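User: Hi! Could you walk me through this model, one question at a time?

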Amino acid sequence: MDEKNIAEIVLSCEDTLITGSINCDKSFKYSKTNIPGSDDIIDAFLEQYEGCTCEESCSLDSCVCLQYFGAAYTEDQTIKSSVLKESSQPVLECGMMCTCCRQLCNNRIVQKGIKKKLEVFKTESKGYGLRTLENIAVLHFVCEYAGEVINGEEAKHRMAATESSNKDNYLIVVREYWKEQVLLTYVDPQKVGNIGRFINHSCDPNLVMVPVRNNHSVPRLALFASKDIIAGEELTFNYSGASRVSLPSKSCIESTKVLPHLFEITDSKVDIRQVKRKPCYCGSNLCKGFMPYDKDLI
């Protein structure tokens, strides 16, 4: 990377619970949530769900947002473990068109943003990382993975450019399975993004990603704690989408299908020898040795 284009960015000016600073390209812009990264995506951001007509808080009896797919959150403002199962329903929060109270409504979790103190730090072998400065209980919301939402062709173009210039790749492909459809969303926080871009991959992570919608059809990529996390621990999620949610006194929930994910190459038409697989340095007992790679970006 050209050192003339490098600048130190203090992150706390955008998210008040974030500490630390990073050295990155001067063109990088911080955004708390997703933005359209290509013209054909703008319309999807402009579309708005009709919304509910609740007066204060929402309930399943009165709120049309909850009636679409059911309540995704508990009264303790954690995501329900049932949402993380393979047969889970989509998550729809109340949005701007809803008349319910933003402070009182329990169906507004991700949009309220980060609630725990987090810190960007320099790891020994993985570049920057993100850790928590407070304990985080399992199933609590931690942060979003936000960036530019782009189309598939633009994603392939950016992926090729990233590999040719030997830059770090932040692009993620989200697959959602709904009935007979597979919905694809491409999010790239390389030039515009939030704190989520500094979360490293792990084959045994402590976060799980869930697509959440609240205003339009473009999902927000929400990261929830998949186990109890202690202060000082690095935050990680599995870039392949595989996850295990450890619940107290209960068996683990495993999911690799409905949750958003980057697949490792399994297509027989793809010659894996032509793909530059990056080594994984997560250090867990479950480490597969290489980072996940999405066949649709080849």
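Analyst: Happy to! Two strands count as paired if DSSP finds at least two bridges between them, and strands (E, at least two residues) and helices (H or I, at least four) are DSSP runs numbered from the N terminus. This is a predicted model, in which local features need pLDDT of at least 70 and side-chain atom pairs count only at pLDDT 80 or more, while totals for chains, interfaces and linings use all residues. Residues are numbered from 1 along each chain as its sequence is written, and side-chain values use heavy atoms, with hydrogens and water left out.

User: How many bridges join strand β7 to β8?

Analyst: Strand β7 covers residues 118-122, and β7 and β8 run antiparallel. Within this pair, Leu 118 stands opposite Thr 132 of β8. The number of bridges joining β7 to β8 is five.

User: Which strands stand at the edges of the open sheet?

Analyst: Three strands form this sheet, with mixed pairing, in the order β2-β7-β8. Each edge strand has a single partner, so one side of each is left without a neighbour in the sheet; the edges are β2 (18-19) and β8 (128-132).

User: With which side chain does the side chain of Glu 176 make a polar contact?

Analyst: Glu 176 lies in strand β11 (residues 172-178). Glu 176 counts as buried because its relative accessibility is 10%, and buried means under 20% relative accessible area, with exposed over 50% and partly exposed in between (1.4 Å probe, protein chains only). A polar contact is a pair of N or O atoms within 3.5 Å; within protein, one must be able to donate a hydrogen and the other to accept it, and residues adjacent in sequence count only if both atoms are side-chain atoms. At 2.7 Å, the partner is the side chain of Arg 213.

User: Is Leu 139 buried or exposed?

Analyst: Most residues other than glycine have a negative phi. Leu 139, not a glycine, has a positive phi of about 80°, and it lies in the loop between β8 and β9 (141-144). With a relative accessibility of 9%, Leu 139 counts as buried.
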